[in-house]
Amino acid sequence: MSFARTNGVVLHYRRLGRSAGPRIVFANSLGSDLAIWDDVADELGRDFDLLFYDKRGHGLSEVAPAPRGIADHADDLAGLLDHVGWGSAAVCGLSVGGLIAMDMAVRAPERVTRLVLMDTAARIGTPEAWNARIEAVLHQGVAAIGDQIMERWFSFAYRDAEPDAFAGWQRMLERTPAKGYADTCRALRDADLTGAIARIVAPTLVIAGDEDLSTPPELVADTARRIPAAAFRTIAGAGHLPCIERPGDVSGLLRDFLSQRLPAAEQGGPRPRAYDKERQDGRHSLFR
Ligand SMILES: O=C(O)CC1=CCC(=O)O1
């Protein structure tokens, strides 16, 4: 368990895996903490250098006094990379974590070697829905919306097959500080990267759980189409959190994507011309 003060806030983070391996940092969804990646970490840790963290207002990270936008979350992540001495890394973001990852890929492309966007979109939800959620959480606590959110997070099959785990993930959600949760809802409400993501240059893999009710696959696919070098894949039998419901499928997709040879770009070096040509021609297997 480690902590770093970055961008004016103390973040909780954890490093796992093979320190000489390719680097991946994982950004979490609203109401979750870094435990959601545990099974993925078990599968990827042999080969990859892994960094997990709780975004501000979540898990063991500090709740900042004032609400901040997605760009501030991306700056938090950049500060954490500085703290651990990573100039660049593959960035994997889930839901609001995906917005954080997209923002970083747009504003600091040199830091993002590859991008994995999971169950996310350039714009998520409506201002009205976010305002209603903020009101509910600030007046009644996160538990007041817990049942409703859990229905969107997990497939019915998972709820039936894993009742104890389902209850455990609901406790994670409901223990999120109300202010940290509401502040992140505000950041989501105000975020629209629809135009900006056309500028993403990192090779990108976009993943959707085919039973996701929060960011349905069509919405996720629409975001993939707006990113120049993006491949889109669905995971069968998963809701909004495929890293919990289908960690083997998630790890397999990440491993394939991150193991494809993009030599000099891997740790932030210049991308070879041949690769760009291949990408433009649509011949690279990830960009069909
Ligand atoms: O809580 C939800 O409805 C799902 C979600 C939306 C953005 C996020 O990070 O999670």
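## The second largest pocket

About 170 Å³ of space lies in the second largest pocket. Its volume is the space filled by probe spheres set on grid points that are joined across faces, edges and corners. On a 1 Å grid over the protein atoms alone, a pocket is an open set with protein on both sides within 12 Å along at least five of seven lines, a cavity is a set of points where a 1.4 Å probe fits but cannot get out, and lining residues have an atom within 4 Å of a point. The model is a predicted one, in which local features need pLDDT of at least 70 and side-chain atom pairs count only at pLDDT 80 or more, while totals for chains, interfaces and linings use all residues. Residues are numbered from 1 along each chain as its sequence is written, and side-chain values use heavy atoms, with hydrogens and water left out.

The lining of the second largest pocket consists of S32, D33, A35, G59, L60, G168, W169, R171, M172, R175 and T176. By class, 4 of these residues are nonpolar, 4 polar and 3 charged. Here Ala, Val, Leu, Ile, Met, Phe, Trp, Tyr, Cys and Pro count as nonpolar, Asp, Glu, Lys and Arg as charged, and the others, Gly among them, as polar.

## The largest pocket

The largest pocket has a volume of about 350 Å³. Among the 23 residues of its lining, I124, W130, R133, R152 and S214 are the closest to its centre. Helix 4, helix 5 and helix 8 (178–189) are the elements that give two or more residues to this lining, and helix 4 gives the most, with 5 residues. Helices (H or I, at least four residues) and strands (E, at least two) are DSSP runs, numbered from the N terminus. The lining divides into 13 nonpolar, 8 polar and 2 charged residues.

## The ligand and its shell

The space taken by the ligand is the largest pocket; a molecule sits in a pocket or cavity if more than half of its atoms lie within 2 Å of its grid points.

A polar backbone atom of L30 is 2.8 Å from an oxygen atom of the ligand. Polar side-chain atoms also lie at 3.4 Å from a ligand oxygen atom for R152 and at 3.3 Å for S214. The protein covers 98% of the 280 Å² of accessible area that the ligand has on its own, with areas from the Shrake-Rupley method using a 1.4 Å probe; for residues, only the protein chains shown count as cover.

## Cavities

A search of the whole structure finds 2 cavities of 30 Å³ or more. The largest cavity holds about 70 Å³ of space and is lined by R56, G57, V63, A64, A66, P67, R68, H73, G180, D183 and T184. Helix 8 supplies the largest share of that lining, 3 residues. The lining has 4 nonpolar, 4 polar and 3 charged residues.

The second largest cavity has a volume of about 40 Å³, and R14, L16, L34, W37, D38, A41 and F52 line it. Strand 2 (9–17) and helix 1 (38–44) are the elements that give two or more residues to this lining. Its residues are 5 nonpolar and 2 charged, with no polar ones.

How values were computed: Polar contact = N/O pair within 3.5 Å; in protein donor to acceptor, adjacent residues only side chain to side chain.
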